[in-house]
Amino acid sequence: MVILTKEKLILLNLNQTYNPNEIKNIALVGSAGSGKTTLAEAMMYEGGVIPRRGSVSAKNTSSDYRPVEQEYGSSVFPAVLYTEWKDQKLNFIDTPGADDFVGGVISALNVADTAVMVVNAVKGV
């Protein structure tokens with residue numbers, strides 16, 4: 001199934017089924033500007049879910065689509081995304097990095113199997 005929105009092409013494979021042991025839920029956590037959304041875009045692109053990578057600066061990422069997120073230039077709400085890799089379905093949650101939205105991070109960690117801490121290599125923690 002292909003969904004074409006204003007600026008996004010979303011490819012969905014609705015015929016694929018997975019056993020529970022083939023699904024992993026991963027929370028992407030880290031400070032604001034650490035690259036969580038960029039990592040999510042790269043994983044979706046490499047997994048073939050999206051035809052091109054979005055950019056936070058261009059305001060065309062798959063996870064930061066709400067007007068308030070585009071206005072702030074960062075995630076405000078957790079966004080659930082997915083990719084398929086080596087016969088596994090990876091659901092990942094792009095969480096907000098700002099302290100003001102820590103509730104979204106806590107909610108994401110409650111449902112995640114694991115978390116990936118993303119650290120900005122230039123700015124650090």
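Reader: Where is Thr95 found?

Author: Thr95 lies in the loop between β5 (88-94) and α3 (102-111). Helices (H or I, at least four residues) and strands (E, at least two) are DSSP runs, numbered from the N terminus. This is a predicted model, in which local features need pLDDT of at least 70 and side-chain atom pairs count only at pLDDT 80 or more, while totals for chains, interfaces and linings use all residues. Residues are numbered from 1 along each chain as its sequence is written, and side-chain values use heavy atoms, with hydrogens and water left out.

Reader: Why does Thr95 count as buried?

Author: Buried means under 20% relative accessible area, exposed over 50%, and partly exposed in between (1.4 Å probe, protein chains only). Thr95 has 1% relative accessibility, so Thr95 counts as buried.

Reader: What does the side chain of Thr95 reach?

Author: The side chain of Thr95 reaches the backbone oxygen of Leu28 at 2.5 Å. A polar contact is a pair of N or O atoms within 3.5 Å; within protein, one must be able to donate a hydrogen and the other to accept it, and residues adjacent in sequence count only if both atoms are side-chain atoms.

Reader: Which residues is Thr95 in contact with, leaving aside its neighbours within four places in sequence?

Author: Contact means heavy atoms within 4.5 Å. The residues that meet this for Thr95 are Leu28, Val29, Lys36, Ser75, Pro78, Val105 and Ala108.

Reader: What makes Glu69 and Arg66 a salt bridge?

Author: A salt bridge is a side-chain nitrogen of Lys or Arg within 4 Å of a carboxyl oxygen of Asp or Glu. In the pair of Glu69 and Arg66, the closest N and O atoms are 3.6 Å apart, and the structure holds one salt bridge.

Reader: Why is Glu69 called buried, and why is Arg66 called partly exposed?

Author: Glu69 has a relative accessible area of 1%, so Glu69 is buried. Arg66 stands at 24% relative accessibility and therefore counts as partly exposed.

Reader: What sits over the ring of Tyr82?

Author: The charged end of Lys89 does, 5.2 Å from the ring centre. A charge sits over a ring if NZ of Lys or CZ of Arg is within 6 Å of the ring centre and within 35 degrees of the ring normal.

Reader: Which residues of helix α1 are buried, and what do they pack against?

Author: In α1 (residues 36-46), the buried residues are Lys36, Thr37, Ala40, Glu41, Ala42 and Met44. They pack against β3 (23-29), β4 (79-85) and β5.
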